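Have a look at the model first, then read on.

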Amino acid sequence: PQTVPFDFENPTRRELKGGETHTYPFRLKTNDLVRLVVKQRGIDVVLRWLGPGRTVLDTVDSPTGTQGPETLIAFADQDGVYHLDVVSLNQAAEAG
């Protein structure tokens, strides 16, 4: 997976192809709340939220297909680095 630092002040726009995963790290403190929205533009994605031990804490896949938002809301149950994986659902998908 490609890891990219995340800037809460500026939205990130990146192209994703079939079979790819983009990973975004977030340093959070206990009880921090995050709301992350990924706008799908021509590719269907799944969001995976991973805790500091890289354990999957949540997975989001709304029935929006290749267009529209995928939204994840999560809180930190401990201090540490959490990760958002944006995963292409279709291995053969064109870039979007």
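Two strands pair if DSSP finds at least two bridges between them, and strands (E, at least two residues) are DSSP runs numbered from the N terminus. You're looking at a predicted model, where local features need pLDDT of at least 70, side-chain atom pairs count only at pLDDT 80 or more, and totals for chains, interfaces and linings use all residues. Residues are numbered from 1 along each chain as its sequence is written, and side-chain values use heavy atoms, with hydrogens and water left out.

**Strand E4 and its partners**
- E4 (residues 45-50) pairs with E5 (residues 56-60) in the antiparallel sense, over four bridges.
- Together E4 and E5 make a hairpin with five residues between them, and Arg54 in that turn has a positive phi of about 65°.
- E4 also pairs with E7 (residues 80-88), again antiparallel, over six bridges.

**Who sits across from whom**

- Five of the six residues of E4 are buried (under 20% relative accessible area with a 1.4 Å probe, protein chains only; exposed is over 50%, partly exposed in between).
- Ile73 lies in strand E6 (residues 67-75), and Ile73 counts as exposed because its relative accessibility is 54%.
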